[in-house]
Amino acid sequence: MKNKTLSILFFLLLIFFFWDCKQSNQQPKNESEITAEQKTIYLDKGKKIAAATFTALSQQLQKAVKEGGIPNAIQYCNLAAYPITDSLSQAHQAVIRRTSLKNRNPENKATELERVVLENFEKKAEEGQPIKPVIKPLEGQKIAFYAPINVNGFCLNCHGKLGETLTDENYQLIKKHYPEDKAIGYVSGALRGMWSIQLTK
Ligand code: HEC
């Protein structure tokens, strides 16, 4: 009898132990795992990388427009956007991505986590609230930095309203390279997407 009680107790302990393990594995990474000081550091780092990437992409884009107009720039973006973000990713030891709910390149489609953040940004934009960059701790000593990307007048040449700011000719060229394009119909000031930069702790 004593033996039986003991084995039941042992069994219960085992269940408890595994249950506890399972629970701790399931723990989502929450913001409290980063100190306020770390938060400032990662936000700052993310902002700097985003700004540097934006400058690099814009400069090259402007140069391509100067050399051969918008059609040349479309072909250029098609070939150069990735090499530019990839080499900056290496230089900053980060993974730099641009993503959107209406992506042009299928490679830039939002992940589950990015989608949640993008929808939140979108909601804020609709309510006319300011959208601030955010950071989220990820598994494996990684930190995700997210910041909004807005459209200006120049962007409309390739992301604007068809037949208005975006010409049919240019759109045909875009469609040739990106048959699944969803990235048109924007007006100046609209939220186009976001930076998604993975930093290492
Ligand atoms: C000359 C045409 C052109 C102009 C001007 C342009 N883009 Fe794009 N944009 C593209 C192309 C082409 C891609 C796809 C690049 C790729 O293959 O990754 C793209 C991709 C993007 C993406 C990545 C997400 C996605 O949809 O695939 C964002 C964000 C973006 N553009 C924002 C902007 C903003 C903001 C501006 C203005 C500052 C701008 N673009 C100006 C052509 C353009």
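Residues are numbered from 1 along each chain as its sequence is written, and side-chain values use heavy atoms, with hydrogens and water left out. Because the model is predicted, local features need pLDDT of at least 70 and side-chain atom pairs count only at pLDDT 80 or more, while totals for chains, interfaces and linings use all residues.

Helix 2 covers residues 36-92. Helices are DSSP runs (H or I, at least four residues), strands are E runs of at least two, and both are numbered from the N terminus. A straight helix of 57 residues would span 84 Å at 1.5 Å a residue. The expected span is 1.5 Å times one less than the number of residues. Helix 2 spans only 22 Å between its end C-alpha atoms. A kink of about 130° lies at Gly68, shortly before the proline Pro71. The bend at a residue is the angle between axes fitted to the seven residues ending there and the seven starting there.

Gln93 follows helix 2. Gln93 sits in the loop between helix 2 and strand 1 (95-99). Its phi is positive, near 50°, although Gln93 is not a glycine. Most residues other than glycine have a negative phi. Gln93 counts as exposed because its relative accessibility is 67%. Here buried means under 20% relative accessible area, exposed over 50%, and partly exposed in between (1.4 Å probe, protein chains only). Gln141 also has a positive phi, of about 60°. Gln141 lies in the loop between strand 2 (134-138) and strand 3.

The largest nonpolar core has 20 residues. Such a core is a set of buried Ala, Val, Leu, Ile, Met, Phe, Trp, Tyr and Cys residues joined through side-chain atoms within 4.5 Å. Helix 2, strand 3 (142-150) and strand 4 (191-200) each supply at least two residues of this core. The largest share, nine residues, comes from helix 2. Ile197 is one of the residues with the most contacts inside the core. Beyond its neighbours within four places in sequence, Ile197 is in contact (heavy atoms within 4.5 Å) with residues including Gly46, Ile96 and Phe145. Apart from this core lies another, of ten residues, among them Ala110, Leu118, Leu191 and Met194.

Two polar side chains are buried. Ser100 lies in the loop between strand 1 and helix 3, and it counts as buried because its relative accessibility is 5%. A polar atom of its side chain lies 3.0 Å from the backbone nitrogen of Lys102. The backbone oxygen of Arg192 lies 2.8 Å from a polar atom of the Ser100 side chain. Ser100 also touches Ala110 and Leu118, among others. Glu114 lies in helix 3 (residues 112-126), and it counts as buried because its relative accessibility is 4%. A polar atom of its side chain lies 2.9 Å from the backbone nitrogen of Thr111. Glu114 touches residues including Arg97, Tyr146 and Met194.

The iron atom of the ligand has a single donor from the protein, His159 (NE2), 2.2 Å away. Donors are N, O and S atoms within 2.8 Å of the metal (3.2 Å for Na, K and Ca); water is not among the atoms, so sites may look incomplete. His159 is in helix 4 (residues 156-159).

Technical notes
A polar contact is a pair of N or O atoms within 3.5 Å; within protein, one must be able to donate a hydrogen and the other to accept it, and residues adjacent in sequence count only if both atoms are side-chain atoms.
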